[in-house]
Amino acid sequence: MNVADFASRYGPTALVTGAAHGIGRAFAHSLAARGLSLLLVDIDGEGLKGTASSILGQYGVDVETLTADLTCSEALERVAATGLRSNIGLLVNNAGIGVTDAFLNTKIEDHLNILYLNTRAPLFLTHKLVPAMQERGHGGVIFTCSIAALIGAPGVGNYAATKSYILSLAEALYGELLSKGVDALAVLPGLTRTRAVTASLTAEQAQALVAMEPEQVTEGALKALGKGPSVVPGIRPWLASLAVRVMPRKPFLRYRGKVQYQIK
């Protein structure tokens, strides 16, 4: 799809959550390059300013930023109201968090924040913003998922569960909205070089990390939008997703739970 057709189908404005860093920031750049105006949302106000500044320096599009904690109901209402005023044609539900530890080692407050941000926020924003797309007869909604959605791996159980929820929701919406002119897509990245992934690594470890770049993920997602319910960008993650689907679960779960996380 050329730039003009993309802007016509998914414009005039895209809303991207979690846009301050990583995959969200890459989505913002990819969409600006396709001529869409942007409404960028994140809890990190300074990071948002950095994303907006870099886009304004490269593309001739309008950029609005909104600092918001999407685990809070009031913030969700505020973002949805701003989105409705901005004529959102593409919603990118990208914001998400996770922890890597045994389930019972993680505070319940942290589990609930993961649940609220990874599932309630995209559910709420999609329900609020997609009806206007239906009325116009065109638009799209993207959910940043994960190949973790394909198996409830010990150590990331709650995170994986939230991503399984998002994958199921995206696939259902693909079927429900297709005849209305609205495209839904779940993008399932594998290991991606983001701030969250590299934060605990040394410079040498980060350099040696075999991971996709955020821009590869977003370009793969945008090229797949409208062509199917889900996509796994990149050959290596795609092969990994196939392996996850066919491997025997019992030995994998026992090994990861007992050996890696010392779960009895």
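A salt bridge, for this talk, is a side-chain nitrogen of Lys or Arg within 4 Å of a carboxyl oxygen of Asp or Glu. Keep that in mind.

Now the ground rules. This is a predicted model, where local features need pLDDT of at least 70, side-chain atom pairs count only at pLDDT 80 or more, and totals for chains, interfaces and linings use all residues. Residues are numbered from 1 along each chain as its sequence is written, and side-chain values use heavy atoms, with hydrogens and water left out.

First, the overview. The chain has 11 helices and 7 strands. Helices (H or I, at least four residues) and strands (E, at least two) are DSSP runs, numbered from the N terminus. Of the 264 residues, 48% are buried. Buried means under 20% relative accessible area, exposed means over 50%, and partly exposed is in between, with a 1.4 Å probe and protein chains only. The accessible surface is about 12700 Å², and 56% of that belongs to carbon and sulfur atoms. Such areas come from the Shrake-Rupley method with a 1.4 Å probe; for residues, only the protein chains shown count as cover.

What about contacts? A contact means heavy atoms within 4.5 Å. Take the contacts with a separation of 6 or more: 72% of them join residues 24 or more positions apart.

Back to salt bridges. How many are there by this rule? The count is 4. Side chains of opposite charge can pair when their charged atoms come close.

Start with K49 and E46. Their closest N and O atoms are 3.4 Å apart. Both residues lie in helix α3, 3 residues apart, about one turn of the helix.

Next, R78 and E74. Here the closest N and O atoms are 3.3 Å apart. This pair sits in helix α4 (residues 73-85), 4 residues apart, again about one turn. R78 is partly exposed at 31% relative accessible area, and E74 is exposed at 53%.

Then D183 and R9, which meet at 2.9 Å, N to O. This pair links distant parts of the chain: D183 is in strand β6 (residues 182-187), R9 is in helix α1 (residues 3-10), and 174 residues separate them. Is D183 buried or exposed? D183 counts as buried, because its relative accessibility is 4%. R9, at 27%, is partly exposed.

Let's look at helix α3 again. It covers residues 45-56, which is 12 residues, and reaches 16 Å from its first C-alpha to its last, close to the 16 Å expected at 1.5 Å a residue. The expected span is 1.5 Å times one less than the number of residues. Which residues of α3 are buried? They are G47, L48, T51, A52, S54 and I55. Down the helix axis they fall within an arc of 165°, so they line one face of α3. That arc is taken from the directions from the helix axis to the C-beta atoms. On the other side, E46, K49 and L56 are exposed. The cover over the buried residues includes α2 (22-33), β2 (37-42) and β3 (63-67).

Last stop, a loop. A148 lies between β5 (139-144) and α6 (157-177). A148 counts as buried because its relative accessibility is 17%. Leaving aside neighbours within four places in sequence, A148 is in contact with Y159 and A160. A148 and A160 are 12 residues apart in sequence, yet 5.1 Å apart in space, C-alpha to C-alpha.
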